Amino acid sequence: GDIRFLIAGDANGDGTIDEADKVQLWRIQNGTSANGNSTTADFNLDGVINVLDKNEYWRVNEGKVSQNP
């Protein structure tokens, strides 16, 4: 069957992990708690948006592109 996945770090959902994800969303949400809020920068899904999301997920995937068939 079909296998689909998302690459961590695409906070704005445009298919590319780039500076816009960090500047426009991660930076604004940094230091907040997901707690059911509409947060897209919690890349490791631990409920907290912090430097771990940026360094361990956004940074290692920066420049990657995803697409749906």
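Thr39 lies in the loop between H1 and H2, where helices (H or I, at least four residues) are DSSP runs numbered from the N terminus. The model is predicted: local features need pLDDT of at least 70 and side-chain atom pairs pLDDT 80 or more, while totals for chains, interfaces and linings use all residues. Residues are numbered from 1 along each chain as its sequence is written, and side-chain values use heavy atoms, with hydrogens and water left out.

**Exercise 1.** Classify Thr39 by accessibility and list the residues that it touches beyond four places in sequence.

*Solution.* 
- Step 1: the relative accessible area of Thr39 is 23%. Thr39 is therefore partly exposed, a class lying between buried (under 20%) and exposed (over 50%), with a 1.4 Å probe and protein chains only.
- Step 2: Thr39 is in contact (heavy atoms within 4.5 Å) with Gln29, Ser33, Ala34 and Ile49.

**Exercise 2.** Place Gln29 in the secondary structure, then find what its side chain reaches.

*Solution.* 
- Step 1: Gln29 belongs to helix H1, residues 19-29.
- Step 2: with a relative accessible area of 11%, Gln29 is buried.
- Step 3: beyond four places in sequence, Gln29 contacts Thr39, Thr40, Ala41 and Ile49.
- Step 4: for Ala41 there is also a distance to the backbone nitrogen, which the Gln29 side chain reaches at 3.0 Å.

**Exercise 3.** Identify the members of the largest nonpolar core and the contacts of Ile49.

*Solution.* 
- Step 1: a nonpolar core joins buried Ala, Val, Leu, Ile, Met, Phe, Trp, Tyr and Cys residues through side-chain atoms within 4.5 Å.
- Step 2: the largest one has eight residues, namely Ile7, Ala11, Ile17, Trp26, Ala41, Phe43, Ile49 and Trp58.
- Step 3: leaving aside neighbours within four places, Ile49 contacts Trp26, Gln29, Asn30, Gly31, Thr32, Ser33, Ala34, Thr39, Ala41 and Asp42.
- Step 4: Trp26 and Ala41 from that list are also members of the core.

**Exercise 4.** Is Lys64 buried, partly exposed or exposed, and which residues does Lys64 contact?

*Solution.* 
- Step 1: Lys64 is in the segment after helix H2 (51-61).
- Step 2: a relative accessibility of 40% makes Lys64 partly exposed.
- Step 3: beyond four places in sequence, the contacts of Lys64 are Ile7, Gly15, Thr16 and Ile17. Ile7 and Ile17 belong to the largest nonpolar core.
- Step 4: Gln24 is 40 residues from Lys64 in sequence and 18 Å away, C-alpha to C-alpha.

Notes:
Helices (H or I, at least four residues) and strands (E, at least two) are DSSP runs, numbered from the N terminus. A polar contact is a pair of N or O atoms within 3.5 Å; within protein, one must be able to donate a hydrogen and the other to accept it, and residues adjacent in sequence count only if both atoms are side-chain atoms.
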